[in-house]
Amino acid sequence: MRRNTLLIDADDTLWENNVFFEKLIEDFITLVESCGFTRAYVRHILNETERKNIRQYGYGVRSFGRSLEETYIKLAEHLAKREVLAQIHTRVVDLERTPPKILDGVPETLAYLTERHRLILFTKGEPEDPRMDDWQQPAQRHQPRHADRPERRVHPTPAHLAART
Ligand SMILES: [Mg+2]
């Protein structure tokens, strides 16, 4: 059989990802609701802030954390509290440390494919994201060439996937 090169999406394909961000956004909105805005308005300001920051800092957890903090400061203005910023920071750090939740069937599927094809894992985020440490070999680290298009190219290692399930 012909050996192909397969580009594999990672977030929300190999493992759950977006659900953790959405959960944190809900917690964040609850945290800042006390500023007197509706939940929809807080989300709207967060979305706007994220759109701006993604262009500059990419899609990673740290860019997301920056957006949460900026949104809070925009909404709370001079009433912004240091302890609320600290709480937001703690939640972002927790998110960053959350191990990937591998979806059913992924380790077996990758093990099958890697025998037959060349696999390249593509995902977004910061190159230093500790959640990716087990997933890449140093020689294959890929630095984004464009600040507005951060992407990560690593080779998946089915042994690591199997170990994590
Ligand atoms: Mg994806």
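Select helix H3 (residues 61-76) and helix H4 (residues 82-97): their axes, lines fitted to C-alpha atoms over the stretch in contact, come within 10 Å and cross at roughly 160°. H3 is therefore roughly antiparallel to H4 (angles over 145 degrees, on a scale from 0 to 180 between N-to-C directions). The crossing is right-handed, the near helix being turned clockwise from the far one by less than a right angle.

The model is predicted: local features need pLDDT of at least 70 and side-chain atom pairs 80 or more, whereas totals for chains, interfaces and linings use all residues. Residues are numbered from 1 along each chain as its sequence is written. Helices (H or I, at least four residues) and strands (E, at least two) are DSSP runs, numbered from the N terminus.

Next, display the contact residues (C-beta atoms, placed from the backbone, within 7 Å). On H3 they include Phe 64, Leu 68 and Tyr 72; on H4, Leu 85, Ile 88 and Val 92 are among them.

Move to strand S1 (residues 5-9), where the count of buried residues (20 or more other C-beta atoms within 10 Å) among its 5 residues is 0. S1 runs parallel to strand S4 (residues 118-123), joined by 5 bridges; pairing requires at least two. Thr 5 stands opposite Arg 118 in S4.

Then select Asp 12, in the loop between S1 and strand S2 (15-16). Its phi is positive, near 65°, and with 12 C-beta neighbours inside 10 Å it counts as exposed (12 or fewer).

Finish at Glu 77, in the loop between H3 and H4. Glu 77 is not a glycine, yet has a positive phi of about 50°; with 8 C-beta neighbours inside 10 Å, Glu 77 also counts as exposed.

Definitions and conventions:
Parallel < 35°, antiparallel > 145°, perpendicular 65-115°, else oblique. Contact = placed C-beta atoms within 7 Å.
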